[in-house]
Amino acid sequence: MAEDHATRCGFVALIGEPNAGKSTLLNRMVGAKVSIVTHKVQTTRARIRGVALEGDAQMIFVDTPGLFRPRRRLDRAMVTAAWTGAADADIVVLLVEAHRGLTDGVRKILDSMAEHGADKHPTVLAINKIDRVSSDGLLALTAEINELHDFDATFMISAQKGYGVDDLRGWLAERLPEGPWLYPEDQIADLPMRMIAAEMTREKLTLRLHQELPYQMTVETESWEERKDGSVRIDQIVYVARDGHKGIALGPKGATIKAIGQDARKELEEFLGRRVHLFIQVKVRPNWLEEPERYAEMGLDFSDGG
Ligand SMILES: Nc1nc2c(ncn2[C@@H]2O[C@H](COP(=O)(O)OP(=O)(O)OP(=O)(O)O)[C@@H](O)[C@H]2O)c(=O)[nH]1
């Protein structure tokens, strides 16, 4: 990190309807595949998804769940989490799908942006998936949306193809507040690996525990140790919100978490091309959604690990 001139650092929240392309954009910006991209909706939750460097700026992306109409209580918790991410962020980027345009869902997000304080920060409109439409209607769509909320900038992008993404990233980097980097450079090096490992375990949790539970869980990679024999030892903690959830995650005699660990280990071994020793603990951490330390998720040594 440069010592002699000011560095910049800050949080960027990506918001948008489910499937808007938040994870895809994030992967592009960070340059490593750190989010699960899926056709299923609501696969993501408010939390740190990646850190990107651009010149002297460190951008910390907070990926949020698709903002949607809350029906069940858990849905509401997720929406709150999404808005918390947005309100805490230095810059908010709203993704709108070019081919869907100004949907009711987008209108609702625009309505509630002011209400949730997201308008206190610079806001950016990113019209995504422009590869799917002709450019004709895009200016009209931009004008229509900017009437409902006055964005500081608008970008036409394709997160998938990469169009416009560098411009957007450059714009964001320039507008982050001056300050020291939150993540030392050496931590960023194995950060993607730690995140990928945590994400793989989280995916297996989601697959095994079909119900809502996984949304209230988070996985952190606590340590990553390269061994002399070429294998790697990975220690992870699955945090659950309540005691009862711990029992579900563990399963009878620990069978569920064991199966999850085996699935995750297999995938990690394939991905890394070497042997993996994976150790997973399940711990209760009430109210983790509200904790500022949630930013320490996924193996980021941000706090002492709680
Ligand atoms: N054609 C096209 N498809 C895209 C683009 N960006 C994302 N997609 C696709 O849109 C789908 C949803 O993308 P995601 O990145 O998972 O969307 P998300 O907003 O993170 O979704 P949630 O996690 O449900 O909130 C995936 O199938 C992506 O491949 C794009 O620029 N063009």
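Trainee: Which residue in S5 does Leu94 stand opposite?

Mentor: Leu125. Bear in mind that this is a predicted model. Strand S4 and strand S5 (residues 123-128) run in the parallel sense, paired over six bridges.

Trainee: In what sense do S1 and S4 pair, and over how many bridges?

Mentor: S1 and S4 also pair up: the sense is parallel, and there are five bridges. Val12 has Ile91 of S4 as its bridge partner.

Trainee: Is S4 enclosed or open to the outside?

Mentor: Count its buried residues. A residue is buried if 20 or more other C-beta atoms lie within 10 Å of its own. In S4, seven of the seven residues are buried, so the rest of the structure largely encloses the strand. Then check each face. Ile91, Val93, Leu95 and Glu97 are buried on one side. Val92, Leu94 and Val96 are buried on the other.

Trainee: Which residues in the largest nonpolar core touch the most other members?

Mentor: In soluble globular proteins, nonpolar side chains tend to be buried together. Here the largest nonpolar core has 46 residues. Val12, Phe61, Val93 and Ala126 touch the most other members. Follow Val93 as one example. Leaving out residues up to four places away in sequence, Val93 touches Val12, Ala13, Leu14, Val124 and Ala126. There is also a second, separate core of 21 residues, with Met195, Val240, Ile260 and Leu278 among them.

Trainee: What do the buried residues of H3 pack against?

Mentor: Strand S1 (8-16), strand S4 (91-97) and helix H4 (138-148). The buried residues are Val106, Ile109, Leu110 and Met113. Down the axis of H3 they fall within an arc of 100°, so they line one face. Asp104, Arg107, Asp111 and Glu115 are exposed on the other side.

Trainee: What span should the twelve residues of helix H3 have at 1.5 Å a residue?

Mentor: They should span 16 Å. The end C-alpha atoms are 17 Å apart, which agrees.

Trainee: Which residues of H8 are buried?

Mentor: Run the length check first. Helix H8 has 18 residues (255-272), which should span 26 Å at 1.5 Å a residue; the end C-alpha atoms are 25 Å apart, in agreement. Its buried residues are Ile257, Ile260, Ala264, Arg265 and Leu268. They sit within an arc of 135° seen down the axis, so they line one face of H8. Turned away from that buried side are the exposed residues Ala255, Gln262 and Glu270. Just after H8, Gly273 has a positive phi of about 70°.

Trainee: How many residues lie between S7 and S8 in the hairpin?

Mentor: Five. In that turn, Gly230 takes a positive phi of about 90°. S7 (residues 218-226) and S8 (residues 232-240) pair in the antiparallel sense over eight bridges.

Trainee: Where is the place of Gly164?

Mentor: Gly164 is in the loop between strand S6 (153-156) and helix H5 (165-175). Gly164 has 17 C-beta neighbours inside 10 Å, so it counts as partly exposed. Beyond neighbours within four places in sequence, Gly164 is in contact with Phe155, Met156, Ile157 and Ser158. Ile130 is 34 residues from Gly164 along the chain, with 9.8 Å between their C-alpha atoms.

Trainee: Where in the protein chain is confidence lowest, and where highest?

Mentor: Start with the mean. The chain averages a pLDDT of 77, and 71% of its residues reach 70 or more. Helix H2 (residues 73-88) is lowest at a mean of 58, while S6 is highest at 97. The model scores are ipTM 0.97 and pTM 0.65.

Trainee: How many helices and strands does the protein chain have?

Mentor: Eight helices and nine strands. Of the 306 residues, 42% are buried. Take contacts with a separation of 6 or more: residues 24 or more positions apart account for 69% of them.

Note on methods. Residues numbered from 1 in each chain as written. Predicted model: local features only at pLDDT ≥ 70, side-chain atom pairs only at ≥ 80, totals over all residues. Helix = DSSP H or I, 4+ residues; strand = E, 2+ residues; numbered from the N terminus. Expected span 1.5 Å × (residues − 1). Buried ≥ 20, exposed ≤ 12 C-beta atoms within 10 Å, placed from the backbone. Arc of directions from axis to C-beta. Contact = placed C-beta atoms within 7 Å. Pairing = 2+ DSSP bridges. Core = buried A, V, L, I, M, F, W, Y, C linked by C-beta atoms within 7 Å. pLDDT = per-residue confidence, 0-100.
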